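Open the model in your viewer and keep the selection panel at hand. The stops below go one selection at a time.

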Amino acid sequence: MNPLERERARELFAAALQEEPAGRSVFLEQACQNDPKMRAEVGAMLAAAQESGDRSPTATVRDPANASAPADAAGSTIGPYKLLQLIGEGGFGSVFMAEQQHPVRRRVALKIIKLGMDTRAVIARFDAERQALAMMDHPNIAKILDAGETAAGRPYFVMELVKGMPITQYCDMNKLPTSARLELFVAVCNALQHAHQKGIIHRDIKPSNILVTLHDGKPVPKLIDFGIAKATQARLTEMTLFTEFRQFIGTPAY
């Protein structure tokens with residue numbers, strides 16, 4: 001397959017994963033009516049996903065074009081980083097706690113696009129998030145530390161590891177009074193102001209994207225996940241990044 005056909009196959013694969021297993025064959029027959037080669041390719045990708053034992057739409061799968069490549073798992077290595085534990089997962093990306101082994105040893109968070117999900121649109125969002133984090137320097141925003149590509153060409157980036165809990169959960173668990181909650185709230189507002197001064201709108205502010213960690217016994221909120229951030233003053237990526245008309249961005253409840 002040429003690069004355009006490979007990208008189309010990955011797009012169809014991602015769409016098929018959103019269907020119920022029983023309806024995937026019907027979906028592919030309709031989507032690939034005049035292209036049996038594409039139908040066979042996407043079918044092989046779905047079969048590989050099923051053999052991996054994880055049939056959810058967010059499954060990390062093996063790309064049939066490179067079936068010998070190991071799946072992301074604890075114990076594997078990406079560059080100087082050893083993956084220790086999966087700590088977060090979305091439809092197209094996974095976040096691992098990892099250990100940087102050289103030139104210094106430290107625990108970090110490593111975010112990588114899943115196998116089979118690296119379409120142009122997903123890579124554009126991923127690159128935009130990396131660029132947004134690189135532009136900001138604020139104590140209440142998770143810092144980016146490194147970025148690169150795997151041997152198979154899948155982009156990843158490395159952030160500081162934020163060991164904390166969602167801000168609402170932290171406040172309720174510790175029964176914080178209103179004054180203490182407002183102190184955390186002000187810190188979050190300052191972080192958002194910093195992002196806005198850099199021309200970046202987060203677009204998905206919610207408790208799970210504001211983690212509270214302890215620094216010398218003091219609670220410090222950290223803003224994370226700029227995966228759908230938007231730039232107002234400059235481009236975040238050289239790749240085309242366009243939000244379709246009437247496409248919903250963010251989390252409905254927030």
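Buried here means under 20% relative accessible area and exposed over 50%, with partly exposed in between (1.4 Å probe, protein chains only). The model is predicted: local features need pLDDT of at least 70, side-chain atom pairs count only at pLDDT 80 or more, and totals for chains, interfaces and linings use all residues. Numbering starts from 1 along each chain as its sequence is written, and side-chain values use heavy atoms, with hydrogens and water left out.

Select K175 first. Its phi is positive, about 50°, although K175 is not a glycine. K175 sits in the loop between α5 (167–173) and α6 (178–197); helices (H or I, at least four residues) and strands (E, at least two) are DSSP runs numbered from the N terminus. K175 counts as exposed because its relative accessibility is 69%.

Next, go to D216, in the loop between β9 (210–215) and β10 (218–223). D216 is not a glycine either, yet has a positive phi of about 55°. At 88% relative accessibility, D216 counts as exposed.

Then select H102 and P103, which are joined by a cis peptide bond with omega about 0°. P103 belongs to the loop between β3 (93–100) and β4 (106–113).

Now the interior. A nonpolar core is a set of buried Ala, Val, Leu, Ile, Met, Phe, Trp, Tyr and Cys residues joined through side-chain atoms within 4.5 Å. Select V42 and F226: they have the most contacts inside the largest such core, which has 43 residues. Helix α1 (residues 3–17) gives the most to this core, with six residues. Apart from it lies another core of ten residues, including Y81, V108, L110 and Y156.
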